[in-house]
Amino acid sequence: MEDLLFPADQRTREIARELFAHVRELPLISPHGHVDPGILADDAAFPDPAQLIITPDHYLTRMLLSQGIPPSELGVRRVDGGQTQTDPRRIWRTFADNWHLFRGTPSKLWLEQTLRQVFGIEPPLTYETYDQLAEKLGQPEFRPRALFAKFNLEVLATTESPLDDLSRHAKLRADGWLGKVITTFRPDDVVDMDWAGWPDRVARLGEISGCDTSTFEGFLEALRQRREVFIEFGATCSDHGHPTAQVAIADDVAAIYQRGLRGMASPGEAEAFRAHMLMEFARMSLDDGLVMQLHPGSSRNHNRYLHRAYGRDTGGDIPQATEYTFALKPLLDAYGHDPRLRVVIYTLDEYTYTREMAPLAGGYPALFLGAPWWFLDAPEALRRWREAVTETAGFYNTAGFVDDTRAYCSIPVRHEVSRRVDAGFLARLVAEHRLSLDEALETIADLAYNLPKKVFKL
Amino acid sequence: MEDLLFPADQRTREIARELFAHVRELPLISPHGHVDPGILADDAAFPDPAQLIITPDHYLTRMLLSQGIPPSELGVRRVDGGQTQTDPRRIWRTFADNWHLFRGTPSKLWLEQTLRQVFGIEPPLTYETYDQLAEKLGQPEFRPRALFAKFNLEVLATTESPLDDLSRHAKLRADGWLGKVITTFRPDDVVDMDWAGWPDRVARLGEISGCDTSTFEGFLEALRQRREVFIEFGATCSDHGHPTAQVAIADDVAAIYQRGLRGMASPGEAEAFRAHMLMEFARMSLDDGLVMQLHPGSSRNHNRYLHRAYGRDTGGDIPQATEYTFALKPLLDAYGHDPRLRVVIYTLDEYTYTREMAPLAGGYPALFLGAPWWFLDAPEALRRWREAVTETAGFYNTAGFVDDTRAYCSIPVRHEVSRRVDAGFLARLVAEHRLSLDEALETIADLAYNLPKKVFKL
Amino acid sequence: MEDLLFPADQRTREIARELFAHVRELPLISPHGHVDPGILADDAAFPDPAQLIITPDHYLTRMLLSQGIPPSELGVRRVDGGQTQTDPRRIWRTFADNWHLFRGTPSKLWLEQTLRQVFGIEPPLTYETYDQLAEKLGQPEFRPRALFAKFNLEVLATTESPLDDLSRHAKLRADGWLGKVITTFRPDDVVDMDWAGWPDRVARLGEISGCDTSTFEGFLEALRQRREVFIEFGATCSDHGHPTAQVAIADDVAAIYQRGLRGMASPGEAEAFRAHMLMEFARMSLDDGLVMQLHPGSSRNHNRYLHRAYGRDTGGDIPQATEYTFALKPLLDAYGHDPRLRVVIYTLDEYTYTREMAPLAGGYPALFLGAPWWFLDAPEALRRWREAVTETAGFYNTAGFVDDTRAYCSIPVRHEVSRRVDAGFLARLVAEHRLSLDEALETIADLAYNLPKKVFKL
């Protein structure tokens, strides 16, 4: 497996080996992810293998669902009163019986490499893997903090709502553990009027911040205050998951806000409010320095069955076509050349790479290209991204890899896959005499370590 | 030619050889095509080489047209009174003189391999090829049924309108021949109000079914009855070629139907009717089990000159951008998790693969991805398809290859190309340590044989 | 560097070498570019290295701007009264300090190969390169006309507005130099009402042509007269850079024209006027034979900061999604099969290649595919283009490479890159047994030399 993911051509493979060896041991920078900080705060042994590996991973439950096996059989709790399988061995068995579905997917790669490298368990994944894994999980060296050290994690960012009291982060900080875990400010739930319960959450925001969120000005003030608190807990970034990339001043934003509080905002007004808020967050960033991350293009809860039976964020989102050239223009007109602003843009729509993403990042100092995300965080897609964006944006307008994961144990392999794919891409440039080996060595270290530290201000 | 289409890298090529050898002799499953069943019902010798190879193949006549040579010089009959070349040797000469135009196209590959493997004629294709081919066509072993056996065709599906009396299929069935030839239910001509002559065809549908198609309910009943007849003649699928993928309930569908019968439906109403009918066909499939195939995205008769001079379906269609995420949602909301429904979706718009097609097929049990189609049924495009969709949808949400051809003699090579491209793709996964050789061997057999049998219920 | 850009696989690389050797020495055909003809008319020594290489090249100034270094520090003149760096050594130093930003970009490839092949200076590019280059520029063999011969340029087309008096071309013609430099008719500045100062330019068009441009008919007549003059100066092509590919008859075009002259046309009317004018230019081409080149899809002056501080055409344009299937239909309906019309279509939106561009060019005799342009004129993008369009359009509906450059010294390497990429693509087809070596040899000579001569009527 030394040559995992490297191009088969011997000449290129040898260069790839050398490049990868150069970055293999560099610490991991994880500036964007969704690990529960409570895992590290509590540092308890992980529960059974099914709860650790299968049940919380939408990539896995989605694939079995696509073949007719409901998530409840993999332990996912139903919100509609339906029954859920709770026996971890039966969950594991159902999963192992369908393991062939994952051939050619990154899930297979991640899971096999995680078993191999983190737990010392050789593929293939079978029923027996359950017992091997369960035995490991009981040992102290597989507790979360021990793994943090083993993973060589220099910094891990989690993601929290402004409504989160950050008590898990406070606990982490209080007990003197030296691992660097920071938060990220993710305000979608108080920005998206279309999301059921918005007025209640705005009220909670008022409470937690001590501001009067019955007015739009008070709402902005509350957000500013929460950002300050997040910054105290290490935040260097905000994160914004919007249906579109639209940024635009809404002259009637205060009136829209009031209609939203009364539950009377139209879908068009909710979109105008989100677009306006991105401009407000950009302005806040000018003052407090948070790096904005913009994740547009997901049609949330597309799968009505999943949404009704299992609730939000259970793997039922589908990407949609996303436009950047005109959507971002108001932001770029206003602050695209302001050295105080930094915006990392992501996409689920790879059919914007050469047309919009790379020309924009290659032309505006405020913009950086975020790593391929979600469905695109996979070897072929990572390779296509480099092949597409590098010729226009170069390497130094990209932001470095982000693992974006809830699956704590998969963090090392996700970074490894990215480093291997970059090694393969750079090796081809060297083999085709487009880059010297020295340039490639310097570049891969920048991509793996220096760029994410710099771009995300870590 | 043993290594045709295999990656040049020696390591990968050797694996590709082994994988291809594993499926090379597997029977051909052809669940979707446009061969005239009369060819097999009559089992007459094929006419001259020009009529067999050139005149009916839009891929060939289009390419010469693109360089200014009208289809009439290749024997295509004009509907506007213009003259048509009828001398097959002159047709063949014109074609051979322009053979260089096909370099790099699948047409060249298909035709050269067909000459070589079916007729034992080595390239290059020249004037002399005509005589060599004409001599073969007179021999009994090159009659359609003899070729059916030689091709190792396990099942061949043809495509007929509900207005077809299926007499050709009846003749096939009546005479005791053992080849399995089945029909497919393709109702576009009675669903598309924009298509000139629609009210007359609806009237004919009434006659052939014995239903009163003056009402929408009668129209639906007529379609149900025709489906039953088609199922008697082996149909396991319906096929729907729509301009868009839109599915939507139209509350006023009965009124639209009546306006359509009076020739008064607007283009928007015609689209609403088509969208509604997809929902009706889905409901019919819940009852009778036909697998729906949806082929959206073609702007039909784009080439006005071709349409006027030569009529419909003469190679003058051009693809258009196609949206799936929102267009299919009403269907997926209603029946996307219903085990009685199966929908195979195709596209002419590869710029939906990772953004929409793969996430949808990887998330809904009712959906399967159809093979790249028409302009995309070619080695580079087939390879890009696997590279794009596999990471999200895996292999097992794809439906297997369909040759989709009118060109009977090209069936074996089309399947061979698909198997070779899959062998090359899987070989790379093995060479890059992403799949074991055993997994790849099992997978290629599934792609070539087991999946199409299962997905299309054959 | 003999193997620059060739695939690393040994088998394929050897074929690529043979193919490239076959065309390496063929003369350069440059049918579309933006070199200042005054350079060749004057034949003066080039000024300092910074003015030659850095300051006028948007690819270079854009990349440094994307990292926060303003174009003024690279010598670009500000139009807003701001200061500009004028010391060429300091400009060079700033550039050399940021040379790593260009890794993986075509700019690096072009510049290193130009230094190497034109000036005999080996990379890496450093501060010292300045002096080496300055020394060369003083020598007579590095004057423009001497380089023209060294470059083996058979023909070089420049691009001028109808308002240009062509005096530079007249001077070239007058002094008996044998180099073939021709003009191209580019009427955007008198066609685009949205472009500030349009009525004044229309008035100037009247003066230069002696026609009364106060009426639309007079405007058309003025354009016809200017085309005749351009044809006298060798023009074989017109060039049209529009935001979209829309062509459409506007019945009220004369009224729109009058509103435009009074500064009262809406953006929609300006678009309708541009769309109409493409139809008028097509009609003119039927008479005078100019080949139309259509370059749609750029959102001009997207970067407001650049536009305000530095003016138009300073690298601040961003591509936008572009539609062809319906946009071009009125033109194709009218003249798509007329042998007197030839249209070369370009795109900045590669996500139209297989869906629209290749099917259109593979179906209409009037259409040819222009080479990948601007952000897409780079090795990976050139390769993707051949991989995408060849299977549907073949090689012979493409128009051959155009360098499209202002950077005179980069012309040879740009053509070399194109020839090398084509050699690599064709070598793969040969290695995969999809093309014989003889066919590939003939094809690469056609792509490099014969096709552009034929398609652009040179």
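How many residues does the contact take from chain C and from chain B?

## Contact of chains C and B

The contact takes 37 residues from chain C and 39 from chain B. Two residues are in contact if their C-beta atoms, placed from the backbone, lie within 7 Å.

On the side of chain C that touches chain B, the elements giving two or more residues include helix H1 (10–23), helix H17 (353–361) and helix H20 (437–455) of chain C. H17(C) gives the most, with six residues. Helices are DSSP runs (H or I) of at least four residues, strands (E) of at least two, numbered from the N terminus. This side divides into twelve nonpolar, 13 polar and twelve charged residues. Asp, Glu, Lys and Arg count as charged; Gly is among the polar ones.

## Model and confidence

This is a predicted model: local features need pLDDT of at least 70, side-chain atom pairs count only at pLDDT 80 or more, and totals for chains, interfaces and linings use all residues. Residues are numbered from 1 along each chain as its sequence is written, while chains are lettered from A and ligands numbered from 1 in the order written.

Chain A averages a pLDDT (the predictor's confidence in each residue, from 0 to 100) of 97. The model scores ipTM 0.97 and pTM 0.98.

## Strand S4 of chain A

Both faces of strand S4 (residues 237–240) of chain A are covered. A:Cys237 and A:Asp239 on one side are buried, as are A:Ser238 and A:His240 on the other. Buried means 20 or more other C-beta atoms within 10 Å of the residue's own, C-beta atoms being placed from the backbone.

S4(A) pairs with strand S5 (residues 291–294) of chain A in the parallel sense, over four bridges. Pairing needs at least two DSSP bridges. A:His240 stands opposite A:Leu294 in S5(A).

How values were computed
A residue is buried if 20 or more other C-beta atoms lie within 10 Å of its own, exposed if 12 or fewer, and partly exposed in between; C-beta atoms are placed from the backbone.
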